Amino acid sequence: MADAITMTPLAGIAEIRGLGMVLIRADLGRAGDAIAEAAGLALPETGRFTTDGLRWLGWMSPDELLLIVPGSERGRAVADVAGALTGEHALVQDVSDMRCVFDVTGRKPGQVLAKLCPADLETRPRDGLRRTRAAQVACAVWRIDGAETGRGWRLIAFRSVRDYVAQVLAGAAAPGSDLDPR
Amino acid sequence: MTTGPFRLPAGGRLIDRSKPLGFRFEGRQMTGFSGDTLASALLGSGQRVVGRSFKYHRPRGILASGAEEPNALLGLGQGGRFEPNQRATTTPLVQGMVATAQNAWPGLNRDFGAINDALWRFLPAGFYYKTFMAPRRAWKSVFEPIIRRAAGLGRAPELPDPDRYEQAYGFADVVVVGGGIAGLNAALDAARRGGRVIVLEQAAHWGGRTPVDHPGGQGRVDALLAELRALRNVTLRRNTMATGLYDHGYLLAREALADHDPNAGLPRQRLWRIRAGHVITATGALERPLSFAGNDVPGVMLASAVRDYIVDHGVAPGRRIAVVTNNDDAYRTALVALDAGLAVPVVLDARPVADGLLPGEARARGVRVETGCGIARVLGRKGVSGVEFCAQDGSGAPLGTVDCDVIAMSGGWSPADHLWSHCGGKLVWDDARAFFAPDPSRQPTGADGRGNVTPVGAASGDLAVAALTGAADAAAILPVWVMPANAPAKMRFKMWLDFQNDVKVSDVELAAREGYASVEHAKRYTTLGMATDQGKTSNINGLAVLSATLDQPIAATGTTTFRPPYTPLTFGTIAAEARGAVFQPLRKTPIHGWHEANGADWEPVGLWRRPYCYPRGAETRGQAVAREIRAVRSGVGTLDASTLGKILVKGPDAGRFLDMIYTGMMSSLPVGKCRYGLMCSENGFLVDDGVAVRLAEDTWLCHTTTGGAERIHGHMEDWLQCEWWDWQVYTANLTEQFAQIAVVGPYARRVLAKLGGMDLSAAALPFMGWAEGELAGIPVRVYRISFSGELSFEIAAPANRGLQLWQAIHEAGAEFDITPYGTEAMHVMRAEKGFIMIGDETDGTVIPQDLNLHWAISRKKPDFIGKRAQERSFMASPDRWRLVGLESLDGRVLPDGALAVADGVNANGQRNSQGRVTSTYHSPTLDRPIAMGLVHHGPERMGEVLEFPVPGDSFRARIVDPVFYDKEGAKAEGAADG
Amino acid sequence: MLILTCPYCGVAAEETELHPGGEAHLTRHGPGSTDADFEWYLFARRNPKGVHFERWRHLYGCGKWFLAARDTVTLQVFGTYPAQSKYPPREIIAAIRADRPDWVPHWDEITGDSAPGVGNDPAPNPTPARDSFA
């Protein structure tokens, strides 16, 4: 019934650096379209993200979005969004430095997260963004599937716990710890 | 390969005779097979005595074949992998396994504690409670040493556990607990209806009792498994014990991956935390022992266990197997024994008539069946050698003796309703069938208020498992709680109910006579069911005896509470990854690595690690702190202040909002300026402080304490979302976006000037101002604020540039001997200036007025959080303890937290107090002790001397002004040439 | 361990992702209130055995506070709704009534008056107080 136990890690854990991140707080009903236009992406629905492969716009809360862009575009992105929201009650802030980013890809990336996150990720839509916790720290996770990234999940957490996150991810991906029934 | 003397020549559906496994028990080398449990391997090797009982140190053998085993608890493994109290019956045998008996001193065959057995009259139920009534001296000198030596089960491991453990979260629409025939059928039903189905089986094999008890059962099991495996929505998980069922379908289950097999390189165990939409309990039933004199002699076993060992492992628990029963099911054991070529000298059936199909089959195969009979006495001490039988309805007059080496007993079956009961399901007593079964009208309920647990098969009370065998094939059971019915007292003293805790029929009867009529009281008085097996084999028998003694129906007695876990969990699975370096998250600033490389002596601050100081060479902590302070006061130092909370507050109503959050006025702060502020709880108490910065007309940045960042951000969001939701304000916790570096000391400005990029002169950037620009090419915001009294710049830079900025500052400061300083130097310097520290001067009962901070409380504002509370009479009272400085009279540093005594005593006869020390240090700047404290009427009592007695000593201190250093504030402008 | 669905992001969050905030629908009493009103607001809690209204924050999620109606004995959840609600919405009341016909709210739904003893609140948004700092 069960396959032989594979003694290789469940997934590769790669830290991604240098992304630009923009925090946007605004009335999305009123200003959503302006933000979407400035971001160059469609406005994501509740609990979802939109992406063109390079830029990414995620729904963080009813009045909060996170825009992720290549690091070199961060200043421009802040200016664009802030400009689009002139006259609006809004908060736009460069937050590129406050998080760590990990890509979990390889054989069984979902199983790595299943050991750390109390969330039913398996049933999330392909464009779902789930904010939850990984072991003892807050995080957000979503699926990635790109030529460069490989197939799996991207996880963001606060930068101060980067080493912790790296260690618990590596531990959860330890060889021989596949969750498949035996 | 030699096999054990009790290994049958053939059979054993679970073992692989081509794979022998060597193991050691009590130093003896033994052999079993792959597929054996440790228990079956021990039995196969002829090992009858596996431990000594808890209280009387009686020799004990294996009773059961599963999780209910009370006796065969062994110490397993060695060194860090040693683990006590492991159930031999559920422990798969592993090559090289090392097992030791427990509770036997000096050895299994000669146990000095067995003298307790001879002294049983003096160790009745409640012995400990009664002994406590004896003179205290006798307890300390006589009883306790004896009990400490003799008592306890197993011993604690002494080394760290080297194994890995993990947890995993699972989600399913239906979880079926139990992979027997009923569970597999239910799983198939559920799977066909769609949704995700998980099936958990405690054992390594599927089918539960079916392959053993029902001819052709294995085929039916295999067919079901094949169907289930073909379904993509079904997960079948073996070796996984569901240990507890909690609110809203939360199920904990322990999966054994590489138990006691350190060579596998796998995690040892995994704790599943499963959310189940619905739970189907197919947990089967547990066989009950019979209560007859000597029912604990090694060789007396549960009837089902005897046939399990024969069928599953090809092991004969004995050569001549006598059966004693009150139901038909035990006849299966007789038939299985005969099939294996073993002798069945007699079946003692307590019922007057035994005319069911199974008794008929046994008789047809020549088995002697004695109806209406029970056991009067078991012959043998370390092993059964025979049985004396008697009439069940009599008082034990022997009718005859039969030679045997095993007694297979069955007192009937109890549905395993633990999970059902864990989460609120109720049970109902079934008189005819003599068991408690789930009451379908009182199901556990889930989040939607509907029933979310369904028992099936034997767990529901359907012992015949109709799905398999069609009509029930068993004749009625005769409830037998004491054997023989009118057994005299001396027999009842030898009838065990709880084998693990050594509780006998006589103990429960004594408890009832002494007034412990409630089942919960009787349980605690006798310890019945309180051992690690949680009374799986003893609870029903015990409460039946209690009911009989109280002359009330069993239904009226009820059961004790079923509590998780069903079987014990290792701490390893509960901790999982949270051990060692990742026991808890350790937060690191962007400059953490530099601190580490430069010898920081760490202090935990919340989850952060901050440098306490940076000792050089052979410096003590105190010396390092003193050096750092002197360097800052006379030169220049740097502090990593990145951990300070930084909350952005923006919007048309931000000023109005901050006027509510702070006690002071923040809406009037001009753009470009900083202002110190206090935050209180609605109860009036000071909860945080920090500097607020007005960045723009509608934007403020609020600094909080290190520990306050998340707390205060949550506090703000709470009020914004839940009270003033129509105010237009957004907040963002930017704590981790910025590194923050304090450059402090007379030469601070000269160091920063060398970096270039900004005019930081007093004219361009006055005290309590801020400016944005670049330093050393790094974008920064510079705040001229001071927590030390010195010229000070706090510089915020994007976190990714923080280390670079820190290093640039240190390079530029080298010529001034720039010195990194830690939290302790910061603490001492702020105390020298009389600045308060949240957590030192505050403890959740202190209001700002106590700290003479009236100047930071607006009198103009109609409202702020905490204002109404501070108007209460007790808060406004002049009798509160208020902040003062304290000057030690003899030059010794005052003890932190010491209380100042006042005249008289309180209601408890303790000296009255009139103040306490809140901060106390040796000031290197002044070269004398300094302290602050809260004192009754403090500021009005300058010059008075207070006494601070501590155990064995006493300190005296004079009340002084809390500002010890640079009262004029001249230093904040820095060196004249700065 | 409870599961509550955040009304903002639709996530069925387990208790470890949430932060509890005590009783909901309290009326804030600030400066000018009587000692009795203030004491009631700050310290008195209903703590009922049965239907209860609570504040929860989706801490490891969208960060929003929401309110939950639940039975403190059976742990049945009748529904969750935004924190910006003076009273439970109609559908929540209906869900409670459907399973607890005998339940009587402690406020007067029709007039919108506060509970007896709680006093009337003049504030424009008289919703909850918080226990987190009380």
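Analyst: Two strands pair if DSSP finds at least two bridges between them. With that in hand, note that we are working on a predicted model. Two bridges join strand 31 (residues 637-640) of chain B to strand 41 of chain B, and these two run parallel.

User: Which residue in strand 41 of chain B stands opposite G637(B)?

Analyst: That's T819(B).

User: What is the order of the strands in the open sheet of chain B?

Analyst: Six strands form it, in the order 38-39-40-37-31-41, and the pairing is mixed. Strand 38 (770-775) and strand 41 (819-820) of chain B are the edge strands, each pairing on one side only. There's a general idea to keep in mind when you look at any sheet: in a regular strand the side chains alternate between the two faces.

User: Where does A776(B) lie?

Analyst: In the loop between strand 38 and strand 39 (778-783) of chain B. Have a look at the backbone there: A776(B) is not a glycine, yet its phi is positive, at about 50 degrees.

User: Which strands pair with strand 42 of chain B?

Analyst: Among them are strand 45 and strand 47 of chain B. Strand 42 (residues 881-888) is joined by six bridges to strand 45 (residues 928-936), in the antiparallel sense. Here W881(B) has H936(B) as its bridge partner. With strand 47 (residues 953-960) of chain B, strand 42 makes four bridges, again antiparallel.

User: Now the interfaces. How much area do chain B and chain A bury between them?

Analyst: The size of an interface is often given as the accessible area lost when the parts come together. For chain B and chain A it comes to about 3,900 Å², with 53% of it on carbon and sulfur atoms. In terms of contacts, 52 residues of chain B meet 47 residues of chain A. In chain B, the residues that lose the most area to chain A are Y169(B), Y730(B) and E736(B), together 20% of what that side buries.

User: What about chain C and chain B?

Analyst: They bury about 3,200 Å², and carbon and sulfur atoms give 50% of that. Here 37 residues of chain C are in contact with 40 residues of chain B.

User: How many salt bridges are there between the chains?

Analyst: The rule looks for a side-chain nitrogen of Lys or Arg within 4 Å of a carboxyl oxygen of Asp or Glu. Between chain B and chain A the count is five, and one of them joins E122(A) to R196(B), with the closest N and O atoms 3.2 Å apart. Across the interface of chain C and chain B there are six, including R275(B) with E14(C) at 4.0 Å, N to O.

User: And how many over all chains?

Analyst: The whole structure has 82 salt bridges. One of them lies within chain A: R107(A) and D178(A), whose closest N and O atoms are 2.9 Å apart. R107(A) is in the loop between strand 7 (99-105) and helix 3 (109-114) of chain A, while D178(A) is in the segment after helix 4 (162-172) of chain A, so the pair ties together parts that are 71 residues apart in sequence.

User: How many cavities of 30 Å³ or more does the structure hold?

Analyst: Eight. Helix 16 of chain B has the largest share, three residues. By class, you'll find eight nonpolar, six polar and two charged residues in the lining.

User: Last one: which residues does a cis peptide bond join?

Analyst: One such bond joins M483(B) and P484(B), with omega about -5 degrees. P484(B) is in the loop between helix 12 (466-469) and helix 13 (489-492) of chain B. Another joins P564(B) and P565(B), where omega is about -5 degrees. You'll find P565(B) in the loop between helix 17 (554-557) and helix 18 (571-575) of chain B.

How values were computed:
Residues are numbered from 1 along each chain as its sequence is written. Chains are lettered from A and ligands numbered from 1 in the order in which they are written. This is a predicted model: local features need pLDDT of at least 70, side-chain atom pairs count only at pLDDT 80 or more; totals for chains, interfaces and linings use all residues. Side-chain values use heavy atoms; hydrogens and water are left out. On a 1 Å grid over the protein atoms alone, a cavity is a set of points where a 1.4 Å probe fits but cannot get out, and a pocket is an open set with protein on both sides within 12 Å along at least five of seven lines; lining residues have an atom within 4 Å of a point. Grid points are joined across faces, edges and corners, and a volume is the space filled by probe spheres set on the points. Ala, Val, Leu, Ile, Met, Phe, Trp, Tyr, Cys and Pro count as nonpolar, Asp, Glu, Lys and Arg as charged, and the others, Gly among them, as polar. Contact means heavy atoms within 4.5 Å. Buried area is the accessible area (1.4 Å probe) that two parts lose on being put together, summed over both.
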